[in-house]
Amino acid sequence: MEVIISSKPLIAMLCALTGAVLVSLSGRNPNIRESWSVAAAACMFAVIGSMVPEVMVGNVFKYQVFDILPGLSLTFRSDAFSMIFAFVASFLWIVTAFYSMGYMRSLEEHAQTRFNTCFALSLFGAIGVAFADNLFTLYLFYEVVSICTYPLVAHHQDEEGYSGARKYIVYLTTTAKGLLLPAMILIYVLTGSLDFADNIHTGIFPADVSSGLVIILFICCIIGFAKNGIMPVHNWLPGAMVAPTPVSALLHAVAVVKVGVFSTTRVMLYVFGTDQMGALGLGTATLYLASFTIIMASIIALTKDNLKARLAYSTVSQLSYIILGVAMLTPSGIDGGLVHIANHAFSKITLFFCAGAIYVATHKKNISEMSGLGKTMPWTFTAFGIASLSMIGAPPVAGFVTKWKLLVGAMEMPAHSIAILLVLLSSTLLNAAYFAPVTYKAFLGKRPEGEPYEGIKEAPLSMVIPLMIAAVISVIIGIWPDFIMTFVNLVSK
Amino acid sequence: MDFLIMNDYGPGILSILMLLPLAGGFVLFFISEEERQKYWTLGVTILTAVVSLPLYFKFDPTTHKYQFAEHHAWIPSLNVYYTLGIDGISLLLVLMTTLLMPLCVLCSWNYIKTRVRTFLFLLLLIEASMLGVFMALDFVFFYVVWEATLIPMFLLIGIWGGDRKIYASIKFFLYTLAGSVMMLVAIIALYFNTDPHTFSIPLMMGQDYSSTFQMWVFIAFFLAFAIKVPMFPFHTWLPAAHVQAPTAGSVILASVLLKMGTYGFLRFCMPITPEASVTFAPFLLWLSIAGILYGGFTALAQSDMKKLIAYSSVGHMGFVTLGIFVFNTIGMEGAILQMINHGITTGALFLCVGMIYERTHTRELHLNAGIGKYMPVYVTFLTFFSLSSLAFPGTNSFIGEFMILAGAFADTKLIAACAIPGAILAAAYMLRMLQKLIWGGTNNPSHIGLSDLNAREIITLTPLLLLVFWIGFGPKPFLNVMHASVANLLEQVNGIQSGAASLAQVILP
């Protein structure tokens, strides 16, 4: 491993920040405004892409911006772990930029300038989290994401929007201030530094720190990163579904929730380390918490008729796969968890894109009203079907790679194998039970009484093309997972 | 006098700093036109700020001794001297005071319409006396300037205040006067217990006072300073004074006058009565926690923006006293930094409230709901200052709060954990205020025709915004100057700490 001192991680973030400023200044001309969004996304993707070759051979980019206190600095690092998230998020930003253009214009939404500005700022925060080299930097950008997504969730400015957004910000800031902040300060007091370790095994705690304290800190971190949607702090996620669909798509499939799980796993592996987690039984405890979330959220999803609500609970459940995988502490388990950051991103964004396309085309939100729509909206529902397969974990779509790795990981575990295998199997069945009927009824069901076929056609191309792209990529990374797996293997090796 | 490093930089720079605003104030009476008076005052305050800047660059951060010192006989028969000097604790406070005053003049430009000359004179007068407080090294002179800050502030609230200005100004005056009287008693008691008798503050430190004597002196000092800070439960004068005071008054009150209380703890209580400080520290820590939580909850319940910020000050100052009384380097340096941070951030927030009040003539949150749509520049500033106030990472208060809490965790984990809800509450009341102002609800009052900030207002806020991020990302220039003084102060206290008797042993013979 070689450390390359380079400002590239910072430049990638500045692309998003500059984009946000330019977008906010060009509100008068929607075309110029949207092209700034796309340009910023493309620039960011290009800068991140330019780091890929070095990172793929195991090198790490580092850049210190501010040295604040001893052991406390604003520093960025781009390693294999951050690349999993950064590469996927920056790519999907481009896709979403086109999609949201179609969505927001079709529905003639208000305050599009504010919307696009906050969108870019949220990406700025998300990439900041991906490239954080220490807990302080991570915390800073984690909070930036919380603040900048508030206007997006409250976008409609109606009672529902405000109450959803209030719940959102209350959950996220309370957990961050109440649990993360003290945990971070205590870690600083105990170790004199907030820098992440450079491997996933050792952690950063000196040997003489009492294990009781480490356990408390661990709990604070797992629950404190409430964006990871783990129960009991998951409730903000369904509440935030009042946001416009592109927000749900990007933020709740890619940026926000992934910031949560990315931070959680980053801290699990690079602050606590697999050795200490294993020795204190923290891995096992987390396994069961994640398992509980997976099963419960799936069961709740079954009961939801609103498509976005069902997707929201599916997200809660799928996010815990990532934490579950890492908590197995076996190489395959960690692989499976981390690769799911990318797999879930592509598949879930497809599903949200489809939900948005259906809404734009038909103004329908409930699954029961969507039967028979497959005939008139074949592309959308095909994409939905493909992404559903990925969620279920069926070959040859991306989710299969996750499931495979997780199953192998579970079998590698010295204990608790059977229990976790059962969780994985039963959750697969549950996933199938709540996803399969949507596509099935769309293609084979009839329109409900009084609902005509006439006048329904596919959403605009600027929406259908992005959702097809996302669906196709889900298949591609299911068949050729090597690209993402290279990064994942670098982390777990 | 080996604790003084005599001034060799110009003729008595500290005296000049005090005399500039004073002299400038008297010149005001020879200027007839109001507009010119404003420009003159602005010029004087800016000049004072510029003259004060070299203090930072010439300051020697390697020593805890009092620098730029001046020592002259004043009333030799009573052992009263005119001694000035600043160390790492007071340097930043002096600089903050001189920086804030031009902003106070700017924010009063259109706000004050009656008796402009008197108002400006009082501003300059209070600047001179506040600087005196942070520079004085002789107790008699200190007491004179300490009291001298009271009268201009009393008049600022009493003449240019809101509807209940008389009630507020008298409450403010009585409270702080009560504290000051206690301090006077303590000063005289100290004078007679030093050998040879002296009013020199540095000479009073490190004397071998008896435990009981220290306790009484500490209690007297504590009352004076706790009222000034204000610590819970001595805070009730603060919201009244803030709500009624004109914007400039609120800014001075929050940013500088409150700091005189915490400065007092650092300058007098700890070095002069170290044993009593250690004995009483647990109580002060819990009072700080009470202030943090009480201030937070009360701020959450306010609908008047000024009251909200006033109560938030109670909480924030609780963090400062918490940092002071954990008696470790990181906590104490954090506390001193937080004093500066609070001055910057809360000062800026009061400026922001004043700006909105000038436009809508109300400070009620629900009447100002939804102004974000009409005043985007204003709410951008307000957002950054509010984030700073809730200790958002990357802003100045985060660093202060982080250091204070780190100090507290290193000392007693329980106390630190009890302060954490205060941090959550700060986020809650600040975000609530922001949400109301920027977004409001579904039926906001109409604000059509509301104008955004003008150039003067932007110039007023910009320096503070720069400082918010400067300290947030690069606090080292600010922390470096205080290392030596803080280390010396802790040595004075911690030398005692191991040998200090517990409170029970002292009061139960």
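In this predicted model, A:Arg266 lies over the face of A:Tyr270, 4.8 Å from the ring centre. A charge counts as over a ring if NZ of Lys or CZ of Arg is within 6 Å of the ring centre and within 35 degrees of the ring normal. A:Lys227 is likewise placed over the face of A:Tyr142, at 3.4 Å from the ring centre.

The model is predicted, so local features need pLDDT of at least 70 and side-chain atom pairs count only at pLDDT 80 or more, while totals for chains, interfaces and linings use all residues. Residues are numbered from 1 along each chain as its sequence is written, chains are lettered from A and ligands numbered from 1 in the order in which they are written, and side-chain values use heavy atoms, with hydrogens and water left out.

Rings of Phe, Tyr and Trp (its six-membered ring) pair if their centres lie within 6.5 Å; planes under 30 degrees apart are stacked, over 60 edge-to-face and the rest tilted. Over all chains, 65 aromatic pairs are counted by this rule. Two of them are tabulated.

| Pair | Geometry | Centre to centre | Angle between planes |
|---|---|---|---|
| A:Tyr168 and A:Trp236 | edge-to-face | 5.5 Å | 70° |
| B:Phe3 and B:Tyr66 | edge-to-face | 6.4 Å | 90° |

Both A:Tyr168 and A:Trp236 are buried, where buried means under 20% relative accessible area, exposed over 50% and partly exposed in between (1.4 Å probe, protein chains only). B:Phe3 and B:Tyr66 are buried as well.

By contrast, B:Trp40 is partly exposed, its relative accessible area being 32%.
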